[in-house]
Amino acid sequence: MAAAEVYDIDCLVIGAGAVGLACAVALARRGREVLVVEATGVIGSGTSSRNSEVIHAGIYYPTGSLRHRLCVAGRRKLYAYLAKRGVAHRKCGKLIVATSAAEETQIAALHQRASQNEVESMALLTAAEALALEPNVNCVSALLSAETGIVDSHGYMLALRGELEDLGGMIALNAPVSGGRALPSGGFEIEIGGASPARVRCNAIVNSAGLSARAVARTIEGLDDAHIPELVLAKGSYFGCSGRAAFTRLIYPAPVEGGLGVHLTLDLTGRMRFGPDVEWLASNDPAQVDYRVDTARSQSFYAAIRRYWAALPDGALAPDYSGCRPKLSGLGQPAADFRIDGPETHGITGLVNLFGIESPGLTASLAIGEHAVDLIERG
Ligand SMILES: Cc1cc2nc3c(=O)[nH]c(=O)nc-3n(C[C@H](O)[C@H](O)[C@H](O)COP(=O)(O)OP(=O)(O)OC[C@H]3O[C@@H](n4cnc5c(N)ncnc54)[C@H](O)[C@@H]3O)c2cc1C
């Protein structure tokens, strides 16, 4: 963008992660003109490239919550989209394993929740049935989810980008939003900073800035602070595991506070990795997040993994990467739902803020996009 340029566009999406791109595609499919502005020089460099790449079935979330509804709907849309667009993925299934009587009660409750959430293809297995599927697993019983899968998240985002551009949408990289205002006459004026400052006038905005969605919302004059939630950041680290994969399905323990427990995921080449754990951060400034993986955390990983994979060899784990969850609830509080705030919530026509889009945001992204556009069009 040239300095001091002013652009008029119908819809502006802030952030080119999986969710922002899916929102942009949803807008473009409805015939809206869309510009995505991304602070960095590439798409998908935020949380969308720092996650487990798991297509979640929709088991864990309170029935009727956005996380439940958008995960189940998003997962169904996502499998169809990946197949149609030729994006690498595999419906490999997963086992949630119980290794104690208390965890058996937990997975029985998850089974019931999954049925209330209308998640397909779930089954409670005895230890013998689980061992027949996964000979290396250690458990007293397990919950099988056949709908769970893995996806090449970058391939998915490239497919979204391709579809968006085919529909006439545009993406501006190195284009950080630095401020803006809701105009009294309707619409918005948004400032783009960086090396090529510009101003964008638009009718609608989807704020999909991930960890920075709160900071972006705070710069929009006219949006009452009461509609901007506090954010807590929780880092999750991963360790890779050398050697041949010992499992063909994903293996999850019973969930823990703040996350799903240190689980085994496989990438599409079959490589094993474990994580993410939950490390609550003192600062909620995304710029302060140190994504390096602390080797010392491996001790707690060995202990957690050996509960369900006793044969994990010493020295097999190596620090891999980490991600950071934008949480709307802190330690000791019940897990919060996604917040997708449209005009009905904050009173500003054309504005949708996406807050707390942690897991299963990747799975849910296509459904989040549809939902966000519904809010814009309804408002
Ligand atoms: C450890 C971890 C594991 C997870 N595992 C899974 C999983 O297995 N399955 C699943 O479904 N979900 C998972 N998730 C959740 C999923 O990764 C996220 O919900 C999803 O990637 C969020 O996408 P996004 O587009 O909202 O955010 P992001 O990918 O973070 O994108 C936001 C974008 O906004 C840009 N931005 C920020 N500020 C500005 C600004 N001022 N101007 C312009 N652009 C800006 C950023 O540069 C970034 O590119 C996991 C999350 C974490 C942290």
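Predicted model: local features only at pLDDT ≥ 70, side-chain atom pairs only at ≥ 80, totals over all residues.
Okay, staying with Glu103. Is it buried or exposed? Buried, because its relative accessibility is 10% and the cut-off for buried is under 20%. What does its side chain do in there? One of its polar atoms lies 2.7 Å from the backbone nitrogen of Thr99. If you leave out residues up to four places away in sequence, Glu103 touches Val97, Ala98, Ala254 and Arg307.

Let me zoom out for a second. The chain has nine helices and 21 strands. Its radius of gyration is 21 Å, close to the 21 Å the globule rule gives for 379 residues, so the chain is as compact as a globular protein of that length. Along the principal axes, the C-alpha atoms fill a box of roughly 65 × 40 × 40 Å. Buried residues come to 54% of the 379. And on contacts: take those with a separation of 6 or more, and 73% of them are between residues 24 or more positions apart.

The chain exposes about 15,100 Å², with carbon and sulfur atoms supplying 51% of that. As for charges, there are 34 positive and 39 negative, and their mean positions sit 4 Å apart.

Thr148 is in the loop between strand 7 (141-145) and strand 8 (149-151).

Last one: Asn203, in strand 12, residues 198-207. How exposed is this one? Partly exposed, because its relative accessible area is 47% and you'd need over 50% to call it exposed. If you've got the model open, look across to Asp10: Asn203 and Asp10 are 193 residues apart in sequence, yet 5.2 Å apart in space, C-alpha to C-alpha. Asp10 is also among the residues Asn203 touches, along with Ile9, Gly187, Phe188, Thr349 and Gly350, again not counting residues up to four places away.

That's my tour, thanks.

Key: Residues numbered from 1 in each chain as written. Heavy atoms only, no water. Helix = DSSP H or I, 4+ residues; strand = E, 2+ residues; numbered from the N terminus. Rg over C-alpha atoms; globule rule 2.2 N^0.38 Å. Buried < 20%, exposed > 50% of the residue type's maximum accessible area, 1.4 Å probe, protein only. Contact = heavy atoms within 4.5 Å. Areas by Shrake-Rupley, 256 points an atom, 1.4 Å probe, with all protein chains shown as cover. Lys, Arg positive; Asp, Glu negative; His and termini not counted. Charge placed at Lys NZ, Arg CZ, Asp CG, Glu CD. Polar contact = N/O pair within 3.5 Å; in protein donor to acceptor, adjacent residues only side chain to side chain.
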